[in-house]
Amino acid sequence: MSVIDLEGVTFAYGEQPAVEDVSLTVREGDFLGLIGPNGSGKTTLLHLMLGLRNPDSGSIKLFGEPVSEFDDGERIGYVSQQATNRGGSMPVTVREVVTMGRFAHAGHGQLTDDDRTAVDDALQTVDIADLADRQLDQLSGGQRQRTYIARALASEADLLALDEPTVGVDAESRDEFYRLLESLNDDGITIILIEHDIGVVTDRATRIACINTELYHHGDTKSFVESDALTEAYGKSGQVVHHHH
Ligand code: ADP
Ligand code: MG
């Protein structure tokens, strides 16, 4: 089953396309790493995939339906770029944020015991049960990250999309975070991860899409590593970030 289908997708904010003629398919169970230099259209492409922007041309399907008709939002857990840095001063607790993930399931806003159990399970899966009553703005970047993941789990999302989720998260929490993503993926959740650290992506992702406005590579991680796509897409910009173990 394909989760996302793009065909010939082009989008421009102004004159110059930010995404040009991109065709690719994300299948159920994929862990797709989406990479490319700064300003190469990664965030824009993810927005297009999730129906947050409409393409100028081309077609987009989500879970087999035209994205414009898709209305099963709870199937998607989306953590936007810099979501971790944005503490804000919203007086909302971790449990409240995660509970929001259940609203789509709750009839007339009444949470059932099943809903409460789903919230507790999600908090436990990402290991933040002890933080349930803390306010979101009192958490570290990594803890906030887990809160958003827990919200997606509580909503029983089939697809997790994360845009540079570990910016501002310390190295140790980062490793733990990526192990969590791997285990969620092992449990069958499809993952799309935008990450600027190529090493992290090639270590964790099963498939790679490498873009610089156009798509330079889409396929399994091994064929990506063996190809010239990386140097071609990054050109002379010298922005490649390698992860050292
Ligand atoms: P990435 O996520 O790979 O850094 P983006 O998708 O954010 O790239 O941006 C792709 C291109 O589109 C860049 O040239 C960027 O400046 C431009 N861009 C992004 N968002 C907007 C916007 N809201 N309005 C105008 N241009 C934008
Ligand atoms: Mg971006």
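**From values to terms**

Tutor: Glutamate 156 is partly exposed, with a relative accessible area of 49%. Please bear in mind throughout that this is a predicted model.

Student: Why is glutamate 156 called partly exposed?

Tutor: Exposed requires a relative accessible area over 50% and buried requires one under 20%. Glutamate 156 has 49%, so the term partly exposed applies. This residue lies in the loop between α4 and β7 (159-163).

Student: What makes the phi of glutamate 156 worth a remark?

Tutor: The phi of glutamate 156 is positive, about 60 degrees, although the residue is not a glycine. Most residues other than glycine have a negative phi. Glutamate 164 also has a positive phi, of about 45 degrees, and is likewise not a glycine.

Student: Is glutamate 164 buried or exposed, and how do you know?

Tutor: Its relative accessibility is 13%. The limit for buried is under 20%, and therefore glutamate 164 counts as buried. Glutamate 164 is placed in the loop between β7 and α5 (171-186).

Student: Why is arginine 102 called buried?

Tutor: Its relative accessible area is 6%, and the cut-off is under 20%, so arginine 102 is buried. Arginine 102 sits in the loop between α2 (94-100) and α3 (113-125). Beyond four places in sequence, its contacts are Leu111, Asp115, Ala118, Val119, Ala154 and Glu156.

Student: How do you know that valine 9 is buried?

Tutor: Its relative accessibility is 0%, and buried means under 20%, so valine 9 qualifies. Valine 9 is found in strand β1 (residues 2-12). Leaving aside neighbours within four places in sequence, valine 9 is in contact with residues including Val19, Val22, Leu48, Pro55 and Ile60.

Student: Which core includes valine 9?

Tutor: Let me begin with the other core. The largest nonpolar core has 44 residues, and those with the most contacts inside it include Ile35, Val98, Leu181 and Ile191. Helix α4 (residues 141-154) supplies the largest share of this core, six residues. A second, separate core of 28 residues includes Val9, Val26, Leu45 and Ala209. Valine 9 and leucine 45 are 36 residues apart in sequence, with their C-alpha atoms 8.9 Å apart in space. In soluble globular proteins, nonpolar side chains tend to be buried together.

Student: Which residues does isoleucine 191 touch?

Tutor: Not counting residues up to four places away in sequence, isoleucine 191 touches Asp30, Phe31, Leu32, Leu160, Leu162, Leu181 and Asn185.

Student: What makes α1 mostly covered?

Tutor: Seven of the eight residues of α1 are buried. They are Lys42, Thr44, Leu45, Leu46, His47, Leu48 and Met49. α1 is followed by glycine 51, whose phi is positive, near 80 degrees.

Student: Which helix gives the largest share of the shell around ligand 1?

Tutor: Helix α1 (residues 42-49) does, with three residues. The residues around ligand 1 are Tyr13, Ala18, Pro37, Asn38, Gly39, Ser40, Gly41, Lys42, Thr43 and Thr44. They divide into three nonpolar, six polar and one charged.

Student: How do you know that lysine 42 makes a polar contact with ligand 1?

Tutor: An N or O atom in the side chain of lysine 42 is 2.8 Å from an oxygen atom of ligand 1. For serine 40, a backbone N or O atom lies 3.2 Å from an oxygen atom of ligand 1. Taken alone, ligand 1 exposes 560 Å², of which the protein buries 54%.

Definitions and conventions
Residues numbered from 1 in each chain as written. Chains lettered and ligands numbered in written order. Predicted model: local features only at pLDDT ≥ 70, side-chain atom pairs only at ≥ 80, totals over all residues. Heavy atoms only, no water. Core = buried A, V, L, I, M, F, W, Y, C linked by side-chain atoms within 4.5 Å. Buried < 20%, exposed > 50% of the residue type's maximum accessible area, 1.4 Å probe, protein only. Helix = DSSP H or I, 4+ residues; strand = E, 2+ residues; numbered from the N terminus. Contact = heavy atoms within 4.5 Å. Near = heavy atom within 4 Å. Polar contact = N/O pair within 3.5 Å; in protein donor to acceptor, adjacent residues only side chain to side chain. Areas by Shrake-Rupley, 256 points an atom, 1.4 Å probe, with all protein chains shown as cover. Nonpolar A, V, L, I, M, F, W, Y, C, P; charged D, E, K, R; others polar.
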